[in-house]
Amino acid sequence: MALTITRVLPLISRISPLYSSALFHLLPIPIPMSSSSSIASPSLPLRLATISTAVSASQPQHSTPTTAPSYSKMTSQTRWKPMCLYFTQGKCTMLDDPMHMEKFNHDCSWDLQVDDSNLNKMRPQNLDFFLVLDLEGKVEILEFPVVMIDAKTMEVVDFFHRFVRPSLMSEQRINEYIEGKYGKFGVDGVWHDTAIPFTDVLEQFEDWLTQHQLWGKHSGGSLNKAAFVTCGNWDLKTKVPQQCKASKLKLPSYFMEWINLKDVYLNFYNRRATGMMTMMKELCIPSLGSHHLGFDDTKNISRVLQRMLTDGAVISITARRKLDRLDEVDFLFKNRIR
């Protein structure tokens, strides 16, 4: 449905100065958006050909953190800019506005690029791609961000990001929920402008997976040489099944296994980390963006993943759902965060 001026103006009062100017550039006509709308550079291949050497997940891994990898674009002189959250969802209409382009980042890989000199300790992986995921929303899922990382080069291949509109909450409760969750970041207006039902999110996400040849709608099954990477088990063990039930959906087959980065961290560095911020602090990685804004958290988890890869970690599946009893999960690491 077209976004009208009367829809836009009331939003101005609750959006931070960083995001308010974007509203004046939203066209009062429907904006076409492809099902993937990942906004990757056309020059990026849909599928990078890599050769992986299988390494047993049980193989001992002993390492101590090295100095943080240097990021080729992010330097001490670089001013960090927030991602344009209209752009991440394929709805930014301000790409020709110099002020907007100066204020916001439109390149997901900007702060996730690592110098080639950091690749010398990397070990062969069992997977070709990591799909870093960090959901937001305690009652229902509010945000679904994924960053696709090449397991061999650590480069950002693509990303998928959607804000999600709850299906079981009243409009008043949704407004209160979003104001409390995203109002402090100044992006509650962006959420209201772009959020779509979870059923639509999954449909578009499956198109995105298919585009990258990571999964097929007709063939189904698990992901093809790829795995989700999460910071904890909650996202895929608990929240996705709950949301699928609320949205009256069958749990998709690609959500059957995942990598809990906290378990890999424990077994690789031989010390516990209770969350993303702890891992970043221990590895001397600066946090960028807003903690608990899903897309920012996903990029920060990706930075931890990149660091562990450069230190020589083998990133393996840590949890797998039982196919005959989907509510039960086998945890594959003996030493894990509980």
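Buried means under 20% relative accessible area, exposed means over 50%, and partly exposed is what lies in between, with a 1.4 Å probe and protein chains only. Keep that handy for the exercises below.

What you're looking at is a predicted model, where local features need pLDDT of at least 70, side-chain atom pairs count only at pLDDT 80 or more, and totals for chains, interfaces and linings use all residues. Residues are numbered from 1 along each chain as its sequence is written, and side-chain values use heavy atoms, with hydrogens and water left out.

**Exercise 1. Get an overview of the protein.**

Step 1: Start with the elements, which are DSSP runs numbered from the N terminus: helices (H or I, at least four residues) and strands (E, at least two). The protein has 10 helices and eight strands.

Step 2: Check burial. Of the 338 residues, 54% count as buried.

Step 3: Look at contacts (heavy atoms within 4.5 Å). Among those with a separation of 6 or more, 72% come from residues 24 or more positions apart.

**Exercise 2. Work out how helix 4 sits in the protein.**

Step 1: Find helix 4 at residues 171-182. The expected span of a helix is 1.5 Å times one less than its number of residues. With 12 residues, helix 4 reaches 16 Å from first to last C-alpha, close to the 16 Å expected.

Step 2: Pick out its buried residues: Ile-174, Tyr-177, Ile-178, Lys-181 and Tyr-182. They're on the same side of helix 4, because they cover an arc of only 95° around the axis; that arc is taken from the directions from the helix axis to the C-beta atoms.

Step 3: Turn to the face pointing away from the buried side.

Step 4: See what the buried residues pack against: strand 2 (143-150), strand 3 (156-165) and helix 5 (188-194).

**Exercise 3. Explain how Phe-205 and Trp-208 are arranged.**

Step 1: Rings of Phe, Tyr and Trp (its six-membered ring) pair if their centres lie within 6.5 Å; planes under 30 degrees apart count as stacked, over 60 as edge-to-face and the rest as tilted. The structure holds 16 aromatic pairs. One of them joins Phe-205 and Trp-208, and it is stacked, at 5.6 Å centre to centre with 20° between the planes.

Step 2: An α-helix has 3.6 residues a turn, so residues three or four places apart point the same way.

Step 3: Check burial. Phe-205 has a relative accessible area of 0% and is buried; Trp-208, also at 0%, is buried.

Step 4: Widen the view. Phe-205 and Trp-208 belong to one aromatic cluster, whose members include Phe-144, Phe-160 and Trp-215. Around the buried residues of helix 6, the cover includes strand 1 (129-133), strand 5 (226-230) and helix 7 (234-246).

**Exercise 4. Find two residues with positive phi that aren't glycines.**

Step 1: Take Gln-213, with a phi of about 60°. Gln-213 lies in the loop between helix 6 and strand 5, and at 47% relative accessibility it counts as partly exposed.

Step 2: Now take Asn-270, which has a positive phi of about 60° too. Asn-270 is in the loop between helix 8 (261-269) and helix 9 (276-282), and at 53% relative accessibility it counts as exposed.
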